[in-house]
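Here are my notebook entries from a browse through one structure.

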Amino acid sequence: MKRPGHLLLLGMLAGFFLCGGSAGRAQTPRPGSIFGRVTELETARELTNVIVRIIGSGFEVRTGGDGRYAILGLPPGAYNVEYLLPGYERKRLAGVAVRAGEATRTDVTLALELFELPLMEVMADPLAGLDQTLLLDRMESNIMFDGLSA
């Protein structure tokens with residue numbers, strides 16, 4: 001004769017294994033992701049090879065030829081995201097929210113970085129390189145030239 005306690009224990013063990021052995025402990029939340037597209041502000045052209053990084057986390061990717069990117073496997077939380085491309089202004093987004101098992105879209109536009117060059121003064125002899133100057137140099141030279149020129 002079987003005891004009812006054995007059936008109860010057997011049922012509890014089956015439930016434990018069917019639930020993946022997680023009875024009595026908290027499950028870790030599923031990771032989320034951040035994805036989007038980076039374009040140029042003036043032309044709306046897709047920007048390739050933009051560095052997209054989660055500041056202070058080690059997560060970093062580059063945009064593809066279509067300007068798109070995706071950072072996968074992020075624990076839920078709020079992140080500061082930085083976008084870098086030489087010749088363009090750096091952009092930072094603060095507090096980008098990532099929820100468990102969800103994808104957060106962040107499309108960004110980057111503006112060209114404008115900068116001024118220092119003032120330079122260019123000085124040159126106004127006759128340098130002219131045919132008259134070359135002719136005078138030849139006439140004053142001690143070396144004989146042939147009468148043909150290129």
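I count a contact when heavy atoms lie within 4.5 Å. The model is predicted, so I ask for pLDDT of at least 70 for local features and 80 or more for side-chain atom pairs, while totals for chains, interfaces and linings use all residues. Numbering runs from 1 along each chain as its sequence is written, and side-chain values use heavy atoms, leaving out hydrogens and water.

**Entry 1: glutamate 82**

I began with glutamate 82, which sits in strand 5; strands are DSSP runs of E, at least two residues long, numbered from the N terminus. Is glutamate 82 buried or exposed? Its relative accessibility is 4%, so I filed glutamate 82 as buried (under 20% relative accessible area; exposed is over 50%, partly exposed in between, with a 1.4 Å probe and protein chains only). Skipping residues up to four places away in sequence, I found glutamate 82 touching Ile51, Val52, Arg53, Ile55, Arg90, Lys91 and Arg92. With arginine 92 there is a polar contact between the two side chains, at 2.8 Å. For that term I take a pair of N or O atoms within 3.5 Å, one able to donate a hydrogen and the other to accept it; residues adjacent in sequence count only if both atoms are side-chain atoms.

**Entry 2: tyrosine 83**

Next I looked for aromatic pairs, meaning Phe, Tyr or Trp rings (the six-membered one for Trp) with centres within 6.5 Å; planes under 30 degrees apart are stacked, over 60 edge-to-face, the rest tilted. How many does the whole structure hold? My search returned 1. Tyrosine 69 and tyrosine 83 make up this edge-to-face pair, with 5.9 Å between centres and 75° between planes. Tyrosine 69 belongs to strand 4 (residues 68–74) and tyrosine 83 to strand 5, so the pair ties together parts 14 residues apart in sequence. Tyrosine 69 is buried at 5% relative accessible area, and tyrosine 83 is buried at 0%. Among the residues that tyrosine 83 touches, beyond four places in sequence, I noted Val38, Arg90 and Thr106.

**Entry 3: tyrosine 79**

I finished with tyrosine 79, also in strand 5, which spans residues 77–84. Tyrosine 79 is buried, with a relative accessible area of 13%. A polar atom of the tyrosine 79 side chain lies 2.5 Å from the backbone oxygen of proline 75. Its contacts beyond four places in sequence include Ile54, Leu93 and Val98. I also logged 9.0 Å between the C-alpha atoms of tyrosine 79 and serine 57, which are 22 residues apart along the chain.

Terms used: Helix = DSSP H or I, 4+ residues; strand = E, 2+ residues; numbered from the N terminus.
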